[in-house]
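Welcome! Please open the structure in your viewer and keep the selection tool ready, as we will go from the whole chain to a single residue.

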Amino acid sequence: MIDETRQASSAGFTLLELVITGSVLPILVFAALSLVQSGQNLETEVRGQAVIMEKLRNTTRRVADELRVSSRTGEDSNSNGVLDDGEDRNGNSRLESDWSVGASSVQFNRMQSDGTYSLPVTYRLDGTTLMRDFEVTAGDMRTATIATGISAFSVTTPTDETVVIALTAEITRAGGEARSETASMTIHQRN
Ligand SMILES: [Ca+2]
Ligand SMILES: [Ca+2]
C-alpha cells in the first residue's frame with residue numbers, strides 16, 4: 001500500500017515541478033551555506049572580542065595593582081617640593097615624588113615592602129603599545145612591553161585618593177565595521 005502511494009507521487013512530478021525544484025534547490029542550499037558561514041563569522045567575532053576584552057581587563061588589573069601601592073606625594077611628606085630632613089627614606093639624596101599624569105601616561109613611585117619608595121615607574125602609550133619604564137637603580141632604566149593593540153590609555157583622578165584607569169582597543173566586526181571596547185578600573189591609592 002505504501003509502495004503504491006510512493007509510486008503514485010513519484011509518477012506525479014510534472015515537468016513544471018521539476019523545473020521549480022531545480023531552481024529552488026540551489027537557492028535553498030546557498031541560503032543554508034550562507035547561514036552556516038555567518039554563524040561561523042559571528043563565532044569568530046565573539047571569540048575575538050572575548051580575547052581582546054580579556055587582554056584589556058588583565059592589562060588594566062596589572063596597572064591597577066601597581067598604582068594601588070603608589071603615592072602622589074612619595075617621600076615629600078610635607079608637600080613642599082623640596083627634600084627636607086628625614087624625607088630621604090631610601091638615602092639616595094633624591095626626592096621620590098614623581099607622581100604625574102599625562103594625556104596617555106602616568107608616572108609614580110611605588111611603596112616597597114621595606115617602606116621606602118622606588119625610583120619612577122612610568123606607564124605610557126607608544127603608538128598602540130603600552131610600555132612600562134622602570135628605573136631599577138639610578139641610570140638603570142628597564143623598559144618592557146605590557147600590551148599591544150591598545151588605542152587609548154587614560155588615567156584620571158576624580159578624588160585625592162582614587163585613580164581611574166581605562167584601556168581601549170579597536171575591534172573589527174565580521175562585516176568590517178570597527179568598534180571600540182574599553183576596560184576601566186577605579187582604585188584607592190595609599191595617599
Ligand atoms: Ca619636602
Ligand atoms: Ca630619595
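**The whole protein**

Start with everything shown as a cartoon: the protein has two helices and nine strands. This is a predicted model.

Now zoom out and turn the view. Taken along the principal axes, the C-alpha atoms fill a box of roughly 110 × 30 × 25 Å. The radius of gyration is 31 Å, while a compact globule of 191 residues would have one near 16 Å. If your viewer can colour by burial, look for the buried residues, which make up 16% of the 191. Among contacts with a separation of 6 or more, 45% are between residues 24 or more positions apart.

Select residues 129–137, strand E5, together with residues 140–147, strand E6. These two strands run antiparallel and are joined by seven bridges.

**Second stop: an open sheet**

Next, select E7, E8 and E9, which form an open sheet in that order with antiparallel pairing. Which strands stand at the edges? They are E7 (152–156) and E9 (178–188); each has a single partner strand, so one side of each is left without a neighbour in the sheet. On average, neighbouring strands of this sheet are turned by 15° against each other, ignoring direction.

Focus on E8, residues 162–172, where eleven bridges pair this strand with E9 in the antiparallel sense. Here you can pick out Ala-169, with Glu-181 of E9 standing opposite. Now bring in helix H2, residues 15–68, which packs on the sheet and touches E8 and E9. The direction of H2 makes about 25° with that of E9.

**Last stop: Ser-184**

Stay in strand E9 and select Ser-184. Is Ser-184 buried or partly exposed? Ser-184 counts as partly exposed because it has 15 C-beta neighbours inside 10 Å, whereas a buried residue needs 20 or more.

Show its surroundings: beyond the neighbours within four places in sequence, Ser-184 is in contact with Thr-60, Val-164, Ile-165 and Ala-166. To finish, draw a distance from Ser-184 to Thr-168, C-alpha to C-alpha: the two are 16 residues apart in sequence and 8.7 Å apart in space.

Methods:
Residues numbered from 1 in each chain as written. Chains lettered and ligands numbered in written order. Predicted model: local features only at pLDDT ≥ 70, side-chain atom pairs only at ≥ 80, totals over all residues. Pairing = 2+ DSSP bridges. Helix = DSSP H or I, 4+ residues; strand = E, 2+ residues; numbered from the N terminus. Axes fitted to C-alpha atoms, helices over the stretch in contact; angles between N-to-C directions. Contact = placed C-beta atoms within 7 Å. Rg over C-alpha atoms; globule rule 2.2 N^0.38 Å. Buried ≥ 20, exposed ≤ 12 C-beta atoms within 10 Å, placed from the backbone.
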